[in-house]
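Dear colleague,

I am handing over the structure we talked about, together with some notes on what turned up in it. Please look through it first, and then read on.

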Amino acid sequence: MTIAMIGTWRMAETGITPAMAQLRQGKSAGDALVTAIQAVEDDPFYQSVGFGGLPNAAGVVETDAAYMDGDTFQIGALAGARDIAHPIAVARALSQEPANNLLVGPGATEYASTHGFPLKNMLTEKAAKQWAAKRQELTAKDLNPYDGHDTVGMVALDAGGHMTVGTSTSGLFMKRTGRVGDSPLPGAGYYVDSTIGGAAATGMGEDLMKASLCYQTVQLMGNGLSASEALREAVYPFIARLAALGQHPREFSYVALSPSGDWGIATNVEFSFAVAQDDGKTQIYLATPNGDHP
Ligand code: SD4
């Protein structure tokens, strides 16, 4: 049986490499996914996910994350969550609840603390300094406050053919308190069906959530399209539609994986991503803004 993982951005490699070792030892797609995303959340070098993520306008790190099981369609997610060290692990726990699967703000923190998940101040000194500098710049000039954001989104396939998908992000730098992006929203930010495949998104949540392109991609794969064909057919016409409406579509990037190990991406910006298959070696690719890559 094939095992595989695909993840958004170069940072995914940090997590995919140890997670692939687990998949090779027969661990589940759920365990591997949490291992992979948690490794990125723990690394303060990545300033758009977990610890060290860039804060909102009030100087507080608020995270969005989600987990989905492709065998059962169980979903767990949290949004605008504070002080949760490992949002992806909490999202997975929420996916196993019979209800209350998407928690926001204080509810998410309370769930994490009462279920034994570590709490942590997610703001690093470095991120706090960047926030203070940006505050000054913003009052001085009319700049776009939302530069500097990325989600880690991953799809995992284990040796039993089970698939999972997950996302984790601190969202947009300088976002409003309580702002939620696409990452915790099923269909828009992620989707997986183990019999067909999975997809995850990164980019400007306000645009990504205008359509359920991850869901649509998986359905198109179910109609027989490859991961790459399905993404192209779902994503590019929608971007064109927004443009035709006179909007200026911002960043849209997607990864997808099928249970046979077939994978693909679509993007309208320069986009790095990481892929690993049976041999466990993680390959990093860089795609051009029309989705071409080596
Ligand atoms: C959000 N989609 O919160 C996330 C951020 C992101 O590349 O992925 N940026 O809107």
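Where is aspartate 182 found? In this predicted model, aspartate 182 sits in the loop between S6 and S7. Aspartate 182 is buried, because 32 other C-beta atoms lie within 10 Å, and the cut-off for a buried residue is 20 or more. Leaving aside residues up to four places away in sequence, aspartate 182 touches Ala188, Gly189, Ala201, Gly205, Leu208 and Met209.

Glycine 181 is also placed in the loop between strand S6 (163–169) and strand S7 (190–193). With 28 other C-beta atoms within 10 Å, glycine 181 is buried, and its contacts, again not counting residues up to four places away in sequence, are Asp64, Thr169, Gly171 and Gly205.

As for the ligand in the model, 16 residues surround it, and the closest are Thr151, Gly171, Gly181, Thr202 and Gly205. Strand S8 (197–203) and helix H6 (205–208) each supply at least two residues of this shell, and by class the shell has three nonpolar, nine polar and four charged residues.

Is H2 largely enclosed or largely open? Twelve of its 14 residues are buried, so H2 is largely enclosed by the rest of the structure. Among the buried residues of H2 are Ala29, Leu33, Ile37 and Glu41. The buried residues of H2 pack against strand S1 (4–8), helix H1 (12–24), strand S2 (63–69), helix H3 (87–95), strand S5 (152–157) and S6.

Finally, a word on confidence. The chain averages a pLDDT of 96, and 98% of the residues score at least 70. Within the chain, confidence is lowest in helix H5 (residues 125–140), at a mean of 89, and highest in S7, at 99. For the complex, the predictor gives an ipTM of 0.97 and a pTM of 0.96.

With best wishes

Conventions:
Residues are numbered from 1 along each chain as its sequence is written. This is a predicted model: local features need pLDDT of at least 70, side-chain atom pairs count only at pLDDT 80 or more; totals for chains, interfaces and linings use all residues. Helices (H or I, at least four residues) and strands (E, at least two) are DSSP runs, numbered from the N terminus. Two residues are in contact if their C-beta atoms, placed from the backbone, lie within 7 Å. A residue is near a molecule or strand if its C-beta atom, placed from the backbone, lies within 6 Å of it. Ala, Val, Leu, Ile, Met, Phe, Trp, Tyr, Cys and Pro count as nonpolar, Asp, Glu, Lys and Arg as charged, and the others, Gly among them, as polar. pLDDT is the predictor's confidence in each residue, from 0 to 100.
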